[in-house]
Amino acid sequence: MLFYILKRFIYAIPIALGVTLVSFMLVYLAPGDPLNAIAPADAPAEVIDALKSAYGLDRPVPVQYGVWLWRAVQGDLGTSIASGRAVGAEVMSAVSNTLLLAGMAGLAGVLAGCVLGALAGYKSGSWIDRIATLLSVVGVSIPHYWLGLVLTIVFSITLDWFPAMGAGPGGSSEWQWDLEHMRHLVLPALTLSVIPMGIITRTVRALVADMLQQEFVTSLRARGLSGIQVFRHVAKNTAPTVLAVAGLQIGYLMGGSILVETVFAWPGTGFLLNTAIFQRDIPLLQGTILVLCMFFVALNLIVDILQPLLDPRMGRS
Amino acid sequence: MADIPLTTGQPDRGAGAYQFTGHTLYDPLIAWEANIGNRPGKLVPGLATAWKADPKDAKKWLFTLRKGVKFHDGSDLSADAVVWNLNKVLNDKAPQFDAKQSAQVRPRIPSIATYRKVDESTVEIVTKDVDALFPYQLPWFLISSPAQWEKLGRDWNKFASQPSGTGPFKLDKLVPRERADLVKYTGYWDKTRMAKTDRIVLVPIPDALTRANALMNGQVDIIETPPPDVLPQLQRSGYKLVKNVTPHVWPYHFSTQPGSPWTDIRVRKAANLAIDRDAIVKLLNGLATPAKGQLDPTSPWFGKPGFQIKYDLPAARALMAQAGYSASKPLKAKIIIAQGGTGQMLSLPMNEFIQQSLAEVGIQLEFEVVELENLYLHWRSGAKADMNAGKGITGINLGYVTADPFYALTRFAYGRYQAPNGVNWGGYVNPKVDADIDKIRVSFDTKVQDGLLASVHQAMVDDALMLWVVHDVNPHAISPKVKEFVQAQHWFQDLTTIRM
């Protein structure tokens with residue numbers, strides 16, 4: 001097992017390096033000029049040249065990558081061109097907000113998905129199955145942006161139950177576990193939860209329905225086990241796959257929340273990415289993409305390690 | 001706006017940002033009158049009570065500083081402080097030089113050559129050439145406190161969170177990208193411009209629909225630029241729409257370089273006559289006014305152009321026929337446009353409208369759609385550059401700020417301001433216009449200046465230098481809780497006029 005974990009760690013290193021290269025190069029492939037973030041559009045050439053030199057943008061791209069990577073491995077992601085603050089601090093503040101949002105959305109989505117999927121799998125072909133299938137299809141198909149706006153119109157503007165934007169009163173993002181802050185979390189988390197809910201419902205439904213056809217379930221039933229005891233076996237056998245899917249979904253939520261965070265002005269990584277793209281703030285963009293990708297790599301690693309713990313056959317193979 | 005603009009002195013994020021962290025926290029030597037809404041503003045004394053060019057050497061300007069003005073940290077405004085601020089943005093050897101602030105303001109004060117303290121309350125600024133329009137550059141240059149910068153360990157990043165200017169508000173709290181709290185400065189020198197509210201919280205919400213939702217949900221009281229399609233709902237719900245004449249124009253800037261189809265003035269005029277601007281205003285739910293030229297007709301620099309810009313399809317078709325084009329033999333042109341962004345209004349729907357309108361008179365447009373940042377590169381490079389002419393691009397669609405004579409007129413019309421020396425994008429050259437602009441630079445009488453500027457504008461319109469479509473109206477949507485807000489005819493808005 002230790003060898004397995006070590007191997008997974010070693011595999012993650014080239015992936016992480018690849019991620020740094022891609023996240024660095026992506027922003028250079030995009031059209032436009034990062035200096036527009038700091039100079040007016042009609043800035044004369046001498047101002048542009050001085051800025052290029054001040055921000056090291058006049059050096060060859062491989063040199064810029066080398067310097068950036070060396071600093072990044074030491075935990076220094078540079079300074080935001082727009083705000084002048086350390087990118088690391090900016091990204092970590094946003095990551096904590098997104099983790100909160102993605103965590104809540106993920107939790108809601110996974111719980112709802114598992115319940116709906118299990119019910120649909122057990123009652124395959126029934127009206128419960130049809131409703132669960134409908135909800136899962138809607139969940140994965142509905143545009144987040146549109147759903148967020150609809151929820152805002154209904155629950156913020158019409159009913160005035162929840163705020164329309166921000167993570168706290170007055171645009172503040174200093175999170176506290178109180179009712180006022182929780183109210184800000186409800187609509188974006190709900191909006192974001194529909195995709196994992198849909199995907200996990202479909203996955204669990206298929207797994208459970210398939211599992212119920214397996215010989216070992218028939219044998220368990222023949223041995224006189226109760227429904228709950230059989231369900232425990234079914235759940236244990238479906239858990240590794242559900243865990244893998246849920247892990248990926250939470251990873252997607254971290255990076256894929258850009259539209260939802262924009263709709264709700266939620267100060268997380270999606271909102272930060274949006275701002276960095278608009279401002280052509282290259283260090284911030286690179287830092288945010290890098291942290292998100294690393295989060296994905298780490299999440300995959302955790303899932304890879306947890307899976308054999310739940311299903312020893314995987315470890316042996 | 002995607003972020004709180006810079007708070008160290010010279011705000012980033014364009015002209016509109018000066019209203020938030022510029023003229024709230026700081027003052028310029030010469031200010032722009034922004035607390036009246038029923039006429040265009042004018043230059044007014046700021047931290048300088050008087051300014052004049054030396055009659056013997058018109059390149060030398062003397063500024064008399066206001067006495068008794070204190071920065072928010074309690075230090076005094078002085079001639080030394082003004083020179084220190086000029087060094088802050090113009091002298092890269094000075095310890096207080098800040099590249100970020102310099103990048104913002106240097107392009108806006110291009111005329112300054114040298115400067116010095118004459119005495120405790122007088123500063124001399126020498127311009128590179130005689131430039132009578134120089135005072136119009138100074139509302140962009142704001143004065144921050146040297147004492148505060150020293151106190152904070154000579155660190156502009158720290159200064160951003162604890163800035164000190166002389167403006168009507170002090171910064172109480174700054175969370176980059178999230179909020180800035182401004183509080184009334186009771187020691188403000190201009191008692192006629194004391195803030196009417198004790199505290200203003202600025203929250204950047206880049207998405208227009210989210211802004212509108214936040215207003216309707218009561219989270220904010222004023223928003224900029226509500227989306228046009230939400231206006232009816234806002235107004236039905238009791239929110240007020242405030243808009244005004246604004247120095248902005250949404251045009252197609254033509255290339256007049258050899259090979260461009262727009263070198264024929266009949267074609268340029270036909271294009272201007274083929275657009276139903278009222279329909280575009282309707283498309284924008286009223287958030288625009290039809291353009292009659294580069295400037296709004298209420299401008300003192302509008303003049304009396306002979307070419308009347310209006311919707312006249314038969315006249316447009318006749319001009320196209322004279323130029324040798326028709327529906328069966330259309331003129332083809334490629335225009336580079338942005339998919340959206342600041343100042344671009346509803347870029348894509350408006351461009352599609354123009355495309356259909358021009359097709360009716362035999363002009364077939366093809367669009368090259370790019371991001372706004374990329375469009376700026378094409379703009380700065382000029383029509384002659386390979387990235388434009390080499391790709392067959394003969395027109396550029398970019399919303400222009402037209403706040404002062406340089407921004408509105410001379411930068412586009414002066415023959416010498418072609419890339420890389422300026423943004424006369426299409427390479428327009430008119431000897432009479434050049435002569436007028438040369439005269440403007442040495443005419444220190446405002447009436448003479450206004451007359452000459454009107455003459456330049458007349459020539460631009462008569463030559464149909466651009467296809468002028470609409471002017472923005474800088475709309476604000478306001479909650480009923482706001483009792484007063486004066487919207488100036490400018491991008492500089494005075495937040496001291498807000499009363500709850």
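Colleague: What share of the contacts in chain A with a separation of 6 or more comes from residues 24 or more positions apart?
Modeller: They account for 73%, where a contact means heavy atoms within 4.5 Å. Please keep in mind that this is a predicted model, with local features needing pLDDT of at least 70, side-chain atom pairs counting only at pLDDT 80 or more, and totals for chains, interfaces and linings using all residues. Residues are numbered from 1 along each chain as its sequence is written, chains are lettered from A and ligands numbered from 1 in the order in which they are written, and side-chain values use heavy atoms, leaving out hydrogens and water.

Colleague: How many helices and strands does chain A have?
Modeller: Chain A has 13 helices and 0 strands.

Colleague: Why is B:Asp404 called a cap of H14(B)?
Modeller: A side-chain oxygen of B:Asp404 lies 3.0 Å from the backbone nitrogen of B:Phe406, at the N-terminal end of the helix. A polar contact is a pair of N or O atoms within 3.5 Å; within protein, one must be able to donate a hydrogen and the other to accept it, and residues adjacent in sequence count only if both atoms are side-chain atoms. B:Asp264 likewise caps the N-terminal end of H8(B), with a side-chain oxygen 2.8 Å from the backbone nitrogen of B:Arg266.

Colleague: Why is strand S8 of chain B described as largely enclosed?
Modeller: Because 5 of the 6 residues of S8(B), residues 179-184, are buried, the strand is largely enclosed by the rest of the structure.

Colleague: How do you know that S7(B) and S8(B) pair?
Modeller: Two strands pair if DSSP finds at least two bridges between them. S7(B) and S8(B) have 6 bridges, in the antiparallel sense, and B:Phe169 stands opposite B:Lys184. S8(B) also pairs with S9(B), antiparallel over 4 bridges, where B:Asp181 has B:Val201 as its bridge partner.

Key: Helices (H or I, at least four residues) and strands (E, at least two) are DSSP runs, numbered from the N terminus. Buried means under 20% relative accessible area, exposed over 50%, partly exposed in between (1.4 Å probe, protein chains only).
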